[in-house]
Amino acid sequence: MDDNVQKDEFVKLSLRERLSYGFGDFAQNLVFGTVGGYLLFYMINIDGISAASGALIFMIVRSINVVWDPYVGAAVDKNHPRAGKYRPYLVYFGVPLVILAAMLFFPTSSFSHNGKFIYALISYLATALIYSFVNIPYGSINASLTRDGDSIAELTATRMMLANTANLLVYTFFPLFIQLAVGGKMTNTGFFGLKLPLGDYGTPAAQSKWFLVYGIYMLIGFGALLLSYFGTRERVLPDENQETVKISDILVELKQNKALQILAGFFLVAFTFMFFGNTVWPFFMQTSIGHQEWMTSIGLIGSIPGIFLVVLWPRLRGIFGKQGFFVVFLGLFIIGQLILWYWSHGNQDNIWFGYIGRFLQQWGLTAATGFMWSLVPEVVTYSEYASGKRAAGIINAVMGLAFKVGLALGGIIPALILSHYGFKDATHTGSHGNWAIELSFIWIPIVLAVVAGLIMVIYPLKDQDVTDMNKELSAN
């Protein structure tokens, strides 16, 4: 390899390229942030599907993904589209993805109960399968941009800023836009006296408005995928003489790559408690707090860390160290959780508990679950160093699988808990409905956050080891 190529592999990524890549996260969070945060709520309160049926739908879709994602990862590693190795998937599969995702909220009021169940299952399954052909190649682009560790850390901060900007649109403004589309009396939003004409977004009458707002979101999402496609450049790619990657390599990687085992375990636990919170958040606000009109103002405050404080991540990582960074922010997440718990016990009308609790909860959550993506490229490097194969697609398939299992558990288990305690909808909560919400939203995520911290403490790759491996691989 000549010196120019070697230098190019360690390129310092420009702000433009970091932003371009990050728009891919922005687009995908519009799709699956909404699915993770509202699909169960929509199924139960809008579509009239039972909590148990919703859990079954999540279980079926995610079980199929267990088989599907390794296939996609191997296919991505083996194929070489003409316009690039990973980037073309953002366009080729981005079009059907946004169409299918929008159809998740297609009005089904005229369908029978069984028809609603079948439609929800098929539309969700189709969306999830196509999503893999966007998410896995997109993750592989991350490891192909550069070998420079500092640039990867900066890239992670930039992409998470854009991912959390999408989360702002999802968890803060999505319900607000639906409430505005429904229309109603002037209502105090909880944001320093601001009043807006808000309707109830949690009833079957709002179904068409869900479809309208989400359809607009999907158009925006596809535009963001195009920005990511045109604004990035693949530099660190498998050597053409490397042995072809096979689906069976996923088992080899999981068996031999200790760093992959530990990071995948962290991904699984982290995404599980993240989606527990996302799934139950609208239930918590509507039932435990009784102020769905405050979701926008509290969500806006909660979005601040994930958008404006990500620039501190590289410096804080330098202060606390790789493992210490995760321990500190998981602890911050737990403190926020406890404040939200206190808020729901006799203090529901004091919005400041919501502001403070949500701010700390989201600061800890977005930092811990955001910065973990910076570790994926170094696990890819370790795999290439140990096996001679740069199986970025396979490794991102493992991470994608952890993401989707976490997404499934974060939807299935709360649904089963709500069903077990007799929760039917916002007006029929059962005798222990509030406890079911509290268990799912507060206590289980706290336990899982502790487990995630313990997992990250034993993560084996040191920064200097990663730097040395990258230099040796680039020199060969």
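Helix α5 (residues 94–103) and helix α8 (residues 207–231) pack at an angle of about 165°, and α5 and α8 are therefore roughly antiparallel to each other, a label given to angles over 145 degrees, while those under 35 count as roughly parallel, 65 to 115 as roughly perpendicular and the rest as oblique. This is a predicted model, in which local features need pLDDT of at least 70 and side-chain atom pairs count only at pLDDT 80 or more, whereas totals for chains, interfaces and linings use all residues. Residues are numbered from 1 along each chain as its sequence is written, and side-chain values use heavy atoms, with hydrogens and water left out.

**Helices α5 and α8**

- The axes of α5 and α8 are 9 Å apart, where axes are lines fitted to C-alpha atoms, for helices over the stretch in contact, and angles run from 0 to 180 degrees between N-to-C directions.

**Helices α2 and α8**

- Helix α2 (residues 15–46) packs with α8 at an angle of about 160°, with axes 8 Å apart, and α2 and α8 are therefore roughly antiparallel to each other.
- The crossing of α2 and α8 is left-handed, and the residues of their contact comprise 20 nonpolar, seven polar and two charged.

**Residue Gln 337**

- Gln 337 lies in helix α12 (residues 313–343), helices being DSSP runs of H or I with at least four residues, numbered from the N terminus.
- Gln 337 is buried, with a relative accessible area of 0%, where buried means under 20%, exposed over 50% and partly exposed in between, for a 1.4 Å probe and protein chains only.
- A polar atom of the Gln 337 side chain lies 3.2 Å from the backbone oxygen of Ile 442.
- Leaving aside neighbours within four places in sequence, Gln 337 is in contact with Gln 361, Phe 441, Ile 442, Pro 445 and Ile 446.

How values were computed
Helices (H or I, at least four residues) and strands (E, at least two) are DSSP runs, numbered from the N terminus. A polar contact is a pair of N or O atoms within 3.5 Å; within protein, one must be able to donate a hydrogen and the other to accept it, and residues adjacent in sequence count only if both atoms are side-chain atoms. Contact means heavy atoms within 4.5 Å. A crossing is left-handed if the near helix is turned anticlockwise from the far one by less than a right angle, and right-handed if clockwise. Ala, Val, Leu, Ile, Met, Phe, Trp, Tyr, Cys and Pro count as nonpolar, Asp, Glu, Lys and Arg as charged, and the others, Gly among them, as polar.
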